[in-house]
Amino acid sequence: LKIKKEDSSVIIPTNRSFIDTAFPFLPDVYKGGVRYFLMYSDNGKWNIVRMNSLSDAVDALPDKNKDWVVYTEGMGKLFTTGADRAMRLSSEYEVNIIYLDYPSIKARWRRTRNYYFSRRNAAIAHKDFAPVLDTIQMLKEQHRLGDRSLNLFFHSMGNIVLQKMVQQDKIGSFNNTAWVDNLILNAACVPQKNHARWLDKIHFAKQRYVLYNPNDYTLGGAYLMSKKNQLGMKVKRPISGKAIYINFETLAGKKHSNFLNLYGYPPQPKAATRFYDLLFHGGTANVEDTTHFRRSVYRNIGWDILPL
């Protein structure tokens, strides 16, 4: 398997069922355990290859010495739509991506039923993906991921995977040292109540970021479904003293997803792209820089990110 450095490539551990004789071969069906795939573009065409292990997939990547982002998405992703976002993230920020994929939508179901389907599968996924993070730590310590930064990025319902990992005591094997540079909880679709209790149990990350938006339209829908304030929207004290809270409302209005440029949508604010680029490459947000940040006007929790 020869992938050229100029071609986008993404490693995909998935807990979907795999049927190599049918289409789609990775349907919206959960099956315990993890199967590994490597997706790459070649002359504008996607190619996908089944890999025996995560380490084999890592060895097949053309450039280990980029910054790494382990990326978990939220509700509404077919295998193809999630993989497309992962490929775009890799290309847009020039990082290596390990995309943790789980079934989060049934194409024929309505939104309410899919909300519960996705939430349930995100909760189950913690059992499958905790060993994957354990292996990533091992590969990092063996210098098989190069010598740049390693960052974990959980978006929306993807944060349920992280929350359950901690609450169900699945992080013990990789929680002894800070081997992750940035842990990013982005627009987290998890209850904000008591979030500091489980967030403070995490020791594997050097820096933790909670990115929220009090006007997030999508998480407003999650509140209506669950009747619980969401961490990515209505944060309340007590908050974690170990995390940096960034309020996106001034920058993003009602938007829920601000890290990727997608077809058919307005371009992301330049300040957002600059911010995510910094974190995805292992950097630290200088919240004292008044050009880019100010004390949050929302309950004085953290900082507002400002337009450029």
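Predicted model: local features only at pLDDT ≥ 70, side-chain atom pairs only at ≥ 80, totals over all residues.

Colleague: Thanks! What is the chain built from, and how far does the trace reach?

Modeller: The protein chain has eight helices and 12 strands. Its C-alpha trace spans about 55 × 45 × 40 Å along the principal axes.

Colleague: How do you know whether the radius of gyration agrees or disagrees with that of a compact globule?

Modeller: We set two values side by side. For 308 residues, a compact globule would have a radius of gyration near 19 Å, and the protein chain has 18 Å, so the value agrees.

Colleague: What share of the residues is buried?

Modeller: Buried residues make up 55% of the 308 in the protein chain. As for contacts between residues at least 6 apart in sequence, 73% join residues at least 24 apart.

Colleague: Now the rings. What makes F18 and F25 an edge-to-face pair?

Modeller: There are 22 aromatic pairs by the rule used here. In this one, the centres of F18 and F25 are 6.1 Å apart and the planes stand at 85°.

Colleague: Why is the pair of Y71 and F153 called tilted?

Modeller: The ring centres of Y71 and F153 are 5.8 Å apart, with the planes at 35°. Stacked needs planes under 30 degrees apart and edge-to-face over 60, so 35° falls to the tilted class.

Colleague: What makes this a link between distant parts of the chain?

Modeller: Y71 belongs to strand β4 (residues 68-72) and F153 to strand β7 (residues 150-155), 82 residues apart.

Colleague: Are Y71 and F153 buried or exposed?

Modeller: Y71 has 0% relative accessibility, under the 20% limit, so Y71 counts as buried. F153 is buried as well, with a relative accessible area of 0%.

Colleague: Which cluster do Y71 and F153 belong to?

Modeller: Ring pairs link them into a cluster with other residues, including Y93, Y99, Y209 and F248.

Definitions and conventions
Residues numbered from 1 in each chain as written. Heavy atoms only, no water. Helix = DSSP H or I, 4+ residues; strand = E, 2+ residues; numbered from the N terminus. Rg over C-alpha atoms; globule rule 2.2 N^0.38 Å. Buried < 20%, exposed > 50% of the residue type's maximum accessible area, 1.4 Å probe, protein only. Contact = heavy atoms within 4.5 Å. Phe/Tyr/Trp six-rings, centres within 6.5 Å; stacked < 30°, edge-to-face > 60°.
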